[in-house]
Amino acid sequence: MDATALPDLDGLDVEALKALLVRQQERHRKALRSNVERIEHLELMVEKLRRMLFGAKSEKAAIQLEQLELELEELIIAQASDEMVAEATSAAARPELKSKPFRKPLPEHLPREVVTYLPEHDCCPGCGGALRQFGEDVAEQLERIPATFKVVRHVRPKFACTGCERVVEASAPVRPIERGLAGPALLAHVLVSKYADHQPLYRQSEMYAREGVCLDRSTMAGWVGAASELLTPLVEAVRDHVLSAGKIHADDTPVPVLAPGNGKTKTGRLWTYVRDERAAGEDTAPAVWFAYSPDRKGEHPKQHLKNFKGGLQADAYAGFHHLYGGGAIYEVACWAHARRKFHDIHAIHASPITAEAIARIGALYGIEEEVRGKPIDARRSTRQARAKPLLESLRSWMEASLRSLSTKSETAGAIRYALSRWSALTRYIDDGLLEIDNNPAERALRAVALGRKNYLFAGSNAGGDRAAALYSLIGSAKLNGLDPELYLRTVLAQIASHPINRIADLLPWNLTTHRTDTSKAA
């Protein structure tokens with residue numbers, strides 16, 4: 001307050017001066033509290049923006065892990081070098097070395113090449129006596145056979161009938177791509193390298209050139225397009241399997257897509273829908289279906305889920321909210337999202353309230369660890385007996401804590417986020433099929449996040465659709481414990497001539513037995 005706005009102090013008595021001083025102090029206190037809240041808010045926003053610029057916390061953790069692994073690798077290399085130097089010294093001068101860690105045996109399924117080393121002499125070098133074998137020393141060494149290309153020549157001899165001169169010839173084998181040069185194994189390798197190992201086609205072209213095979217990027221791009229078209233019925237079968245569940249997990253992520261005409265990039269969207277009931281003791285096959293859209297409008301998930309009925313475990317994205325009105329789909333919120341809000345604040349401004357919120361939510365997760373994999377009814381009973389009282393106490397504590405906080409506080413915002421979604425957050429305790437969070441969907445998107453960092457996600461909207469299709473098959477193969485490349489190789493060798501009404505035979509979970517037999521044969 002300016003001095004000109006002050007009343008005539010000389011005309012005020014002691015009580016009036018005291019009242020004026022109290023009012024002024026209260027104004028300063030409110031201004032100070034507002035500044036503190038503003039600083040807290042700005043610091044939190046800065047931290048969030050840093051994470052947006054330099055990668056999410058999980059990506060940062062991955063980078064830190066890579067750095068630690070690199071440091072560990074360098075230490076191991078240095079130790080190995082020191083050991084080699086020590087081996088060259090005399091036994092007396094050799095420094096005491098740390099014992100080596102236990103070395104796992106090499107996998108039994110790998111082929112063994114036996115090389116036998118016989119003594120230089122067939123008699124005793126000392127006395128000349130005859131030698132008899134009484135044992136052997138065996139040591140194994142792991143070696144790698146470089147990937148190689150080969151050309152398969154399909155030869156069909158022609159025969160002529162000696163009676164009527166009719167020409168008899170075997171039918172030509174079906175190829176994955178009609179008149180295409182790529183066999184199933186090469187096609188699978190190109191697809192998995194691009195969509196699972198995040199190697200764009202131009203890098204693959206350079207790698208193949210080092211092996212003496214020139215494969216133009218445009219040629220491989222044609223293969224990718226043709227293969228994705230060929231696999232479309234299988235992707236549709238995966239989608240139908242996912243959406244027939246009583247509960248699915250949903251999430252989405254932005255992806256850079258080349259805008260037509262100007263050469264600039266725009267932001268498309270990749271949606272993921274996951275069916276995974278293994279944590280509830282169910283043996284239904286897990287699967288993931290990806291869908292691409294050019295933007296994030298709510299009409300896209302509405303179209304994707306038009307035939308779905310059940311629980312939708314997702315974040316608080318507004319585009320999902322209109323799905324819950326008709327009664328066919330009900331919301332199941334994510335405790336991981338609720339916890340993350342407290343964690344982000346705690347990382348910048350730790351307080352007793354954020355610490356207790358994290359601890360209380362952690363206790364709920366402790367119960368989930370115990371019931372993971374148990375039958376649906378057992379999960380529900382345990383949650384009702386143990387998680388329900390904790391949730392009731394948590395809500396009361398949150399409501400009491402909210403009354404002690406400023407409405408502008410970030411912590412108050414985190415509490416309001418949880419309380420405003422309380423019914424959806426606590427729905428999981430009434431149904432053993434539901435999960436406490438949406439982590440299955442977030443895990444499914446990690447592969448997309450890795451690829452997105454390496455290169456432009458897609459060159460067009462059609463490219464986004466193709467990528468979504470391949471992510472669906474590769475992700476579903478992984479969920480079912482299959483090697484994605486081996487799975488696609490098996491499928492591509494059969495699908496061109498496979499009856500469309502039996503397309504389900506080629507779904508990942510229906511090829512598990514075949515995959516095991518094939519891997520053993522290899």
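Colleague: At what angle do the axes of helix α3 and helix α4 cross?
Modeller: In this predicted model, the axes of α3 (residues 184-195) and α4 (residues 201-210) come within 10 Å and cross at roughly 130 degrees. Axes are lines fitted to C-alpha atoms, for helices over the stretch in contact, with angles from 0 to 180 degrees between N-to-C directions. Helices are DSSP runs of H or I with at least four residues, numbered from the N terminus. α3 is therefore oblique to α4; angles under 35 degrees count as roughly parallel, over 145 as roughly antiparallel, 65 to 115 as roughly perpendicular and the rest as oblique.

Colleague: Which residues in α3 meet α4?
Modeller: H189, V190, S193 and K194 in α3 meet L201, Q204 and Y208 in α4, where contact means heavy atoms within 4.5 Å.

Colleague: Changing topic, is D122 buried or exposed?
Modeller: D122 counts as exposed because its relative accessibility is 69%; buried means under 20% relative accessible area, exposed over 50%, and partly exposed in between (1.4 Å probe, protein chains only).

Colleague: Where is the place of D122?
Modeller: D122 is in the loop between α2 (57-88) and β1 (158-160), a strand being a DSSP run of E with at least two residues. The C-alpha atoms of D122 and R132 are separated by 9.7 Å.

Colleague: What does L231 touch?
Modeller: Not counting residues up to four places away in sequence, L231 touches L191, L470, L473, L488, V491, L492 and I495.

Terms used
Residues are numbered from 1 along each chain as its sequence is written. This is a predicted model: local features need pLDDT of at least 70, side-chain atom pairs count only at pLDDT 80 or more; totals for chains, interfaces and linings use all residues. Side-chain values use heavy atoms; hydrogens and water are left out.
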